[in-house]
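Q: I would like to learn how to read a few features of a model. Please take them one at a time.

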Amino acid sequence: MQALRIDPCTLSPECEALRAEVRAFLAEAMADVPPQKRVRSWAGASPAFSRKLGARGWIGMTWPTRYGGRERSALERYVVMEELLAAGAPVAAHWIAERQSALLLMRLSPEVLAPRIVPGIARGETYFCIGMSEPDSGSDLASVRTRAVRTDAGWVINGRKVWTSGAHRAHYMIALVRTGTAGEQRHAGLSQFLVDMKTPGLTVRPIVNQVGEHDFNEVTFDDVLVPHDCLVGTEGEGWSQVSAELAFERSGPERYLSSTELLLQMIDAADPADARQAVAIGRISANYAALRQMSLGVSGMLARGENPAQAAALVKDQGALVEQAMPDIAHDLFGGAAAPGSALAHALAYTTLAVPSFSLRGGTREILRGIIARGLGLR
Amino acid sequence: MSDAMIEETAARIFADHVDRALLERFEKGEWPARLWGLAVDNGLTMALAGEDAGGIGATWHDAYPILRGIGYWQVPLPLAETMIGALLLSAAGRAVPDGPIALVEEGEALALAGSGEAVRLSGTARRVPWARHCAHAVAVVGGQLVLANLADPATVRLTQRESPAREPDDEVAFDGARVLAAAANPFPDLAAPVRTLAAVAKSAMMAGALEWLLEQCVQYASDRVQFGRPIGKNQAIQQSIALMAGDAGAARMAALVACADAPDTAARACPAALFSAAAAKIRAGEAATRAASIAHQVHGAIGFTYEHQLNYATRRLWTWREASGSDAWWAERLGRAVIEARAAGFWPSMTRRQFAAMPSTMEH
């Protein structure tokens, strides 16, 4: 159970000073961004915004300077992330690259791939997508069938990835593919590759989601040739590498803040004398307070070099519950009563359509609870 | 006494002395005098009180393991109440009396009359946990911290009631009860200090009870065999208990932060105390609702028996989620303050852990 324990973490005065800086930046950079865009939260992409953040040194803040980082603390990075998310900033372009891909490259290819690619990520110019899911491989990630075969010229990849967020604007994918047979261990024989999205044979086809937006894609590999040095880490070690990557994917404050714009619209529409509205908003606020401290605590674990995989699963599970309750609460309080065309009506409609994905992306609720159950000793 | 020593001391006393036999005797009406004596002799009742008043002067953070322990081991004592009473009195520069202290969190027509040596308290408090065992009660009336004499039947009428935890939850009618000490509220930036500090303590107690509940569920699910295997091997059971772990974790985090933000001396400003107390009590209440339901479902019929230990924790969780302001009571007051802050004030107030309107939303 120890792995599930998250201890509170106190932010230093330096962190609070940085927060003020970020707020001043956002007040200006977000001045013209309407609620209808903020509601997209971290699904909203703006390469121009990402480059501005990069120029401020707020992407890859914790990384070594040789990779374009600023060598600041995990908690300082946390402050920047939570401020961006609370403001509904359009961070999607660089988010995945910063959150997990760069870490993978710095850890597993510190001399070859990382120096070549990570500085561009830190500048907010280079974007990544994650090639994990496939048509027949969702939660059961070990069943991936996309295959890479070694040749003299490099690795040749064939297969198909699906639900790939941001593939249409990404410069690179980290793809999890099969390089050997599974054998006794289902998780054996998997490897990760860095794939340039412009490689011949690679096709990106949009999949429009139920919100009506293009975020997902299907990515087809048809004899895609990848240089030898783009094997990330060790051949056959893909599963354990991915497990570490997923801990980062799940650890951040984006796992509870995604429905914030709808909350803000509810607050502005609410009447303090209405007890029903006050109770509902008070409950959400209390949940935000607890989740924020838990999320911060997970960052504290990262800062201390601890493995937050199980704790992150727990926070993400709790966070998605609050994110997903938001449109139902808003419906209960304001459904049918919000003025048509108002920011509240828009946020309610948008968030209602968006939230089913929140307990699917980055690990389904059921997978996360399985991880928690393992942490409890039940599996 | 260091915080590690406090934790060790509390754990030792509670683990060694709170057992099934003691709880059953308590529920038949026996005051656990020996256990209370151990808590007093080891300084637990005076953990939060200042050293000038003979206390340990621990912070709420240091005292958390005591409060958590009350829930984890289901300690049947007015220990949190006495700790808070002693803190309030010592922070106000007043002597702390011997014996358990009851807290008057709210009441009808509570008022002081007279002056100097002859101040008297009148009014009715509907729910005063442990009152029948206490010779003294602490209240804040009209901005004044008062220590009232509970032991005089001529001026204090007590109606005995019980909570679902079968702990005393008495009604107290004060009719000119003697005020033994009075002082200005030592925590003036804390609206309703007795209620607020009691809510912090309840949150920590609930976090402890939730931890015990979670461990108990994991143990039972691992031991109980049906269809040829432990029921904990079923995904349906695993997923339920995993959800409970999230609730227990969130409640624990909120309680720890509420303790870190609560005032332990009159000198220390506590701008975040009220918000963090509200958040902790709300979150603990919601966790109790969900976790108690899951725990009983996991345990099946045996968990519904009086004989099984489970109900000693769930009955406390159901009692404590109501006490010191229910989750809805706090949510209404927090929510009003959040709405007053408007959207623009929401996030800055969240990160400060302070909503400007909250002291005033506590008043009605």
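Q: Where is B:R342 placed?
A: B:R342 lies in helix α10 (residues 327–352) of chain B. Helices here are DSSP runs of H or I with at least four residues, strands are E runs of at least two, and both are numbered from the N terminus. This is a predicted model, in which local features need pLDDT of at least 70, side-chain atom pairs count only at pLDDT 80 or more, and totals for chains, interfaces and linings use all residues. Residues are numbered from 1 along each chain as its sequence is written, while chains are lettered from A and ligands numbered from 1 in the order in which they are written.

Q: What is the phi of B:R342?
A: B:R342 has a positive phi of about 60°, although it is not a glycine. B:R166 is another case: its phi is near 60°, positive in a residue other than glycine. B:R166 sits in the loop between β6 (156–159) and β7 (169–184) of chain B.

Q: Why is B:R342 called partly exposed?
A: Burial is a count of C-beta atoms, placed from the backbone: a residue is buried if 20 or more others lie within 10 Å of its own, exposed if 12 or fewer, and partly exposed in between. B:R342 is partly exposed because it has 13 other C-beta atoms within 10 Å. B:R166 is partly exposed too, with 17.

Q: What do the totals say about chain B?
A: Chain B has 11 helices and 9 strands. Buried residues make up 57% of its 364 residues. Its C-alpha atoms fill a box of roughly 75 × 55 × 40 Å along the principal axes.

Q: What radius of gyration does chain B have?
A: The radius is taken over C-alpha atoms, and the globule rule is 2.2 Å times the number of residues to the power 0.38. For 364 residues, a compact globule would have a radius near 21 Å; chain B has 20 Å, which agrees.

Q: And chain A?
A: Chain A has 12 helices and 8 strands. Its radius of gyration is 21 Å, close to the 21 Å that the rule gives for 379 residues, so chain A is as compact as a globular protein of that length. Buried residues make up 54% of the 379. The C-alpha box is roughly 75 × 45 × 40 Å along the principal axes.

Q: How many residues of chain A are in contact with chain B?
A: Two residues are in contact if their C-beta atoms, placed from the backbone, lie within 7 Å. By that test, 39 residues of chain A are in contact with 39 residues of chain B. On the chain A side, α8 (260–269), α9 (275–303), α10 (309–334) and α12 (365–375) each give two or more residues. The largest share, 17 residues, comes from α9(A). By class, this side has 23 nonpolar, 8 polar and 8 charged residues. Ala, Val, Leu, Ile, Met, Phe, Trp, Tyr, Cys and Pro count as nonpolar, Asp, Glu, Lys and Arg as charged, and the others, Gly among them, as polar.

Q: Is A:A286 buried or exposed?
A: A:A286 is buried, with 29 other C-beta atoms within 10 Å. It is found in helix α9 of chain A. Leaving aside neighbours within four places in sequence, A:A286 is in contact with B:A278, B:A279, B:I282, B:R283, B:A331 and B:L334.

Q: Which elements do the buried residues of α12(A) pack against?
A: They pack against α10 of chain A together with α7 (235–261) of chain B. The buried residues of α12(A) include A:L368, A:I371 and A:I372. Just after α12(A), A:G377 takes a positive phi of about 90°.

Q: How many residues are in the largest nonpolar core?
A: In soluble globular proteins, nonpolar side chains tend to be buried together. A nonpolar core is a set of buried Ala, Val, Leu, Ile, Met, Phe, Trp, Tyr and Cys residues joined through C-beta atoms within 7 Å. The largest here has 261 residues; A:F193 and B:I241 are among those with the most contacts inside it. Helix α6 (residues 193–223) of chain B gives the most to this core, with 19 residues. Leaving aside neighbours within four places in sequence, the contacts of B:I241 include A:A373, A:L376, B:C217 and B:I294.
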